[in-house]
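Please look over the sequence and the structure below before reading the notes.

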Amino acid sequence: MFGKLIVQGGVTSGILNALVVEDLPGPGTVFLEVAWKFVKAVGVDEEITGRVEVKEVGPDKSICKIETSVRNGQGELCLIGTATVFTVPLQGA
């Protein structure tokens, strides 16, 4: 159907997990809610780039609403959506 071997959507969204936990908002962050739309299949061995942008920060700064996207090597959107994340500062961090 896709003309190539593709990866499962969870593999594609995995790059967003890495971005959220390691970079923005950072360590101690977990997803509370996601609304992702997979708009283009990602092929096996295809390079992808994830993007996260904080759109809203709660009053206590522990809950953020973010926009997320994943693009392939040609710059085409493969995944787009939003997420709500919760961040708790890690002890010793």
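A disulfide is a pair of cysteine sulfur atoms within 2.5 Å. By that rule, the structure holds 0 disulfides. This is a predicted model, in which local features need pLDDT of at least 70 and side-chain atom pairs count only at pLDDT 80 or more, while totals for chains, interfaces and linings use all residues. Residues are numbered from 1 along each chain as its sequence is written, and side-chain values use heavy atoms, with hydrogens and water left out.

**Overall layout**

- The secondary structure of the protein chain comes to 1 helix and 4 strands; helices (H or I, at least four residues) and strands (E, at least two) are DSSP runs, numbered from the N terminus.
- Read from the N terminus, the elements follow the order α-β-β-β-β.
- Along the principal axes, the C-alpha atoms of the chain fill a box of roughly 50 × 25 × 20 Å.
- Of the 93 residues, 28% count as buried; buried means under 20% relative accessible area, exposed over 50%, and partly exposed in between (1.4 Å probe, protein chains only).
- A contact means heavy atoms within 4.5 Å. Among contacts between residues at least 6 apart in sequence, 60% join residues at least 24 apart.

**Helix H1**

- The 14 residues of H1 should span 20 Å at 1.5 Å a residue, and the end C-alpha atoms are 21 Å apart, which agrees. The expected span is 1.5 Å times one less than the number of residues in the helix.
- Ser13 has a relative accessible area of 6%. Leaving aside neighbours within four places in sequence, Ser13 is in contact with Trp36 and Leu79.

**Nonpolar core**

- A nonpolar core is a set of buried Ala, Val, Leu, Ile, Met, Phe, Trp, Tyr and Cys residues joined through side-chain atoms within 4.5 Å.
- The largest such core has 10 residues, including Leu16, Val52, Cys64, Ile66 and Leu79. Helix H1 (9-22), strand S3 (63-72) and strand S4 (77-87) each supply at least two residues of this core.
- Not counting residues up to four places away in sequence, Ile66 touches several residues, among them Val20, Val52, Ala83 and Val85.

**Cysteines**

- Cys64 is buried, at 7% relative accessible area.
- Cys78 is also buried, at 1% relative accessibility.

**Aromatic pair**

- Rings of Phe, Tyr and Trp (its six-membered ring) pair if their centres lie within 6.5 Å; planes under 30 degrees apart count as stacked, over 60 as edge-to-face and the rest as tilted.
- The count comes to 1 aromatic pair. The ring centres of Phe31 and Trp36 are 5.7 Å apart and the planes stand at 80°, so the pair is edge-to-face.
- Phe31 is partly exposed at 26% relative accessibility, and Trp36 is partly exposed at 21%.

**Positive phi in loops**

- Most residues other than glycine have a negative phi.
- Asp45 has a positive phi of about 75° although it is not a glycine. Asp45 lies in the loop between S1 and S2 and is exposed, at 80% relative accessibility.
- Lys61, in the loop between S2 and S3, has a positive phi near 65°. At 66% relative accessibility, Lys61 is exposed.
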